Amino acid sequence: MSLNPELQGRVYPSTEPYLVGREKVREFARAVFATNPINLDPEAAAAAGYADVVAPPTFAVVVQERSLAQLLADPDAGIDFSRVVHGDQRFTSTRPIVAGDLLSATLTVASVKTLGAHSMVTAETAITDAAGEHVVTAISTLVIRGED
């Protein structure tokens with residue numbers, strides 16, 4: 001089954017809220033070699049004006065993953081996960097993610113393209129806080145390799 005071109009424009013339901021934990025932020029910061037004290041130390045974050053430790057910008061993928069899982073599991077999508085290669089990742093932030101945030105993600109399929117035997121799907125995930133305010137949009141492009 002090939003990628004369904006009718007996916008373009010589809011909006012998936014908002015994910016269950018994700019509570020950003022301090023230790024998750026610290027673990028992620030260490031994994032990506034973030035050394036800014038505001039990523040690890042609540043006192044440094046408070047001195048910089050934040051309520052708690054600040055997640056590195058790419059932490060948004062942790063929240064986005066839940067919305068991408070909906071797309072990948074959708075039988076109408078026609079995506080064979082064994083053939084997926086991550087092509088691109090971008091972020092547009094309104095504000096940093098901070099420990100204590102309660103975040104939800106809503107994925108929209110922005111584009112579907114066919115390039116020879118391969119297909120590409122670009123998904124935009126809008127991540128909002130408990131008040132419904134935009135925090136970050138995570139944009140992923142997935143390449144689905146064609147048959148060998």
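The model is predicted, so to speak of local features a pLDDT of at least 70 is needed, side-chain atom pairs count only at pLDDT 80 or more, and totals for chains, interfaces and linings use all residues. Residues are numbered from 1 along each chain as its sequence is written, and side-chain values use heavy atoms, with hydrogens and water left out.

Let us start with the whole chain. The chain holds three helices and five strands, where helices (H or I, at least four residues) and strands (E, at least two) are DSSP runs numbered from the N terminus. Read from the N terminus, the order of elements is β-α-α-α-β-β-β-β. The C-alpha trace spans about 55 × 30 × 20 Å along its principal axes. Of the 148 residues, 41% are buried, meaning under 20% relative accessible area, with exposed over 50% and partly exposed in between (1.4 Å probe, protein chains only).

The five strands make an open sheet in the order 1-3-4-5-2, with antiparallel pairing; two strands pair if DSSP finds at least two bridges between them. Strand 1 (18-19) and strand 2 (84-93) each have a single partner strand and stand at the edges, so one side of each is left without a neighbour in the sheet.

| Strand pair | Sense | Bridges |
|---|---|---|
| Strand 3 and strand 4 | antiparallel | eleven bridges |
| Strand 4 and strand 5 | antiparallel | ten bridges |
| Strand 2 and strand 5 | antiparallel | nine bridges |

What lies across the strands? Helix 3 (residues 60-73) lies across strand 1, strand 2, strand 3 (102-115), strand 4 (118-128) and strand 5, running at about 130° to strand 4. Angles run from 0 to 180 degrees between N-to-C directions, and axes are lines fitted to C-alpha atoms, for helices over the stretch in contact (heavy atoms within 4.5 Å).

Finally, Asp80 sits in the loop between helix 3 and strand 2. Asp80 is partly exposed, at a relative accessible area of 37%. Asp80 and Ile144 are 64 residues apart in sequence, yet 7.4 Å apart in space, C-alpha to C-alpha.
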